[in-house]
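Visitor: Could you walk me through this one?
Guide: Gladly, let us look at it together.

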Amino acid sequence: PVPLTIPSIAKRWNQTYARTKYEAHAAVGTSIDLVLLGDSITEHWHGTDLNYPRSNLEKHHEVYNKLFTKLGGGKIDSVNLGIAAERCPNLLYRLREGVLD
């Protein structure tokens, strides 16, 4: 991936990357209708910013659950693999590494 120049952000990006890999693999064999990939806008729907829960994002997470999870009342089920501070080369790296395999 593109090197992140601030060590604390790089560490948090790697932690978030590990979480998204886990969530993607946990979704295998389930009835996922939609996979969300992207940057902070996408991750914030998860209620986190670089894997850290943020109280100001709770509403984002509620809306996500309501729209994109059947358990929350939505018509579809999705998995959110967004990572804040993501750049195109980082996303391409994740795709090449098999985040969707």
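**Buried charges and salt bridges**

Guide: E86 counts as buried, at 11% relative accessibility, where buried means under 20% relative accessible area, exposed over 50% and partly exposed in between, with a 1.4 Å probe and protein chains only.
Visitor: Which residue does E86 meet in a salt bridge?
Guide: The side chain of E86 meets that of R94, 2.6 Å from N to O, a salt bridge being a side-chain nitrogen of Lys or Arg within 4 Å of a carboxyl oxygen of Asp or Glu. R94 is buried as well, at 0% relative accessibility.
Visitor: Before we go on, what kind of model is this?
Guide: This is a predicted model, in which local features need pLDDT of at least 70 and side-chain atom pairs count only at pLDDT 80 or more, while totals for chains, interfaces and linings use all residues. Residues are numbered from 1 along each chain as its sequence is written, and side-chain values use heavy atoms, leaving out hydrogens and water.
Visitor: How many salt bridges are there?
Guide: The structure holds 5. One of them joins E43 and R19 at 3.7 Å, N to O, and E43 lies in helix α2 (residues 40-44) while R19 lies in helix α1 (residues 7-26), so the pair ties together parts 24 residues apart in sequence; helices here are DSSP runs of H or I, at least four residues, and strands are runs of E, at least two, numbered from the N terminus.
Visitor: Are E43 and R19 buried or exposed?
Guide: Both E43 and R19 are buried.
Visitor: And the overall fold, what pattern does it follow?
Guide: Along the sequence the protein reads α-β-α-β-β-α-β-α.
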